[in-house]
Amino acid sequence: MKNNDLSDRGERLKEERRRLGINTQDELAEILNVKKNSVVRYEKHNAALDTDQLDLLEDHGFNIAYILWGTTEVKNSELSDDEVKRIQDFLQGNHIQFEE
C-alpha cells in the first residue's frame, strides 16, 4: 500500500459514486443509511467506512478495491489473459459486448 492510498480514499469514493451515476451525496447517504454530513466526512476528510458500509457499497456496484487501495487490477493466475482484461475493463467502467 502506498503512503497516499488512505489519504486519497475519499476522492476515490467520490469518483466511484459519480461513475455509477449517483450524483449527490444525499443519494449516497441514503444507500449507506447515514446523514449527508457523514458522506462529507467520508469524501472530504477520508473518514473510514465500516465493513457493513463497504458491503452496501459493493451491493450497489462500487469497486471496493479501488476505493480502499486505488487499484483495479485483477490478480488471479487461474484466469486467462482475456478474462483478466475483460474484468479490468468492467471494473473501470469500460463495458464491452461479449460475443455470443
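How many helices and how many strands are there in the protein chain? There are six helices and zero strands, where helices (H or I, at least four residues) and strands (E, at least two) are DSSP runs numbered from the N terminus. Along the sequence the pattern reads α-α-α-α-α-α.

The model is predicted, so that local features need pLDDT of at least 70 and side-chain atom pairs count only at pLDDT 80 or more, while totals for chains, interfaces and linings use all residues. Residues are numbered from 1 along each chain as its sequence is written, and side-chain values use heavy atoms, with hydrogens and water left out.

## Overall properties

Of the 100 residues in the protein chain, 32% are buried. Buried denotes under 20% relative accessible area, exposed over 50%, and partly exposed the range in between (1.4 Å probe, protein chains only). The protein chain exposes about 7,000 Å², and carbon and sulfur atoms supply 45% of this area. Accessible areas come from the Shrake-Rupley method with a 1.4 Å probe; for residues, only the protein chains shown count as cover.

A contact requires heavy atoms within 4.5 Å. Among the contacts in the protein chain with a separation of 6 or more, 50% are accounted for by residues 24 or more positions apart.

## Salt bridges

Side chains of opposite charge can pair when their charged atoms come close. A salt bridge is taken here as a side-chain nitrogen of Lys or Arg within 4 Å of a carboxyl oxygen of Asp or Glu.

| Acidic residue | Basic residue | N to O distance |
| Glu11 | Lys14 | 3.9 Å |
| Glu16 | Arg19 | 2.8 Å |
| Glu43 | Arg17 | 2.7 Å |

Arg17 counts as buried because its relative accessibility is 3%. Glu43 is likewise assigned as buried, at 5% relative accessibility.

Glu11 and Lys14 both belong to helix α1 (residues 9-19), where they are three residues apart, about one turn of the helix. Glu11 has a relative accessibility of 39% and therefore counts as partly exposed. Lys14, at 16%, counts as buried.

Glu16 and Arg19 are three residues apart in helix α1, so about one helical turn separates them. Arg19 is partly exposed, with a relative accessible area of 31%.

Is Glu16 buried or exposed? At 4% relative accessibility, Glu16 counts as buried. Glu16 lies in helix α1. When neighbours within four places in sequence are left aside, Glu16 is in contact with Gly61, Phe62, Asn63, Tyr66 and Ile67. The C-alpha atoms of Glu16 and Leu57 are 9.7 Å apart in space, and the two residues are 41 residues apart in sequence.

## Val40 in helix α3

Val40 is located in helix α3 (residues 36-45). Its relative accessible area is 25%, and Val40 is therefore partly exposed. Which residues does Val40 contact, leaving aside its neighbours within four places in sequence? Val40 is in contact with Gln25 and His45. Val40 and Gln25 are 15 residues apart along the chain, and their C-alpha atoms are separated by 7.3 Å.

## Loop residues with positive phi

Asn33 is not a glycine, although its phi is positive, at about 60°. Asn33 is placed in the loop between α2 (25-32) and α3. With a relative accessibility of 63%, Asn33 counts as exposed. Asn46 is another residue other than glycine with a positive phi, near 60°. Asn46 is situated in the loop between α3 and α4.

## A negative surface patch

Asp50, Asp52, Asp55, Glu58 and Asp59 form a negative surface patch. Patches are made of residues with over 30% relative accessible area and no salt bridge; like charges are joined within 9 Å, and nonpolar side chains (Val, Leu, Ile, Met, Phe, Trp, Tyr) within 5 Å. Lys and Arg count as positive and Asp and Glu as negative, whereas His and the chain ends are not counted. The place of a charge is taken as NZ of Lys, CZ of Arg, CG of Asp or CD of Glu. Within this patch, Asp59 is found in helix α4 (residues 51-59). Asp59 counts as exposed because its relative accessibility is 63%.
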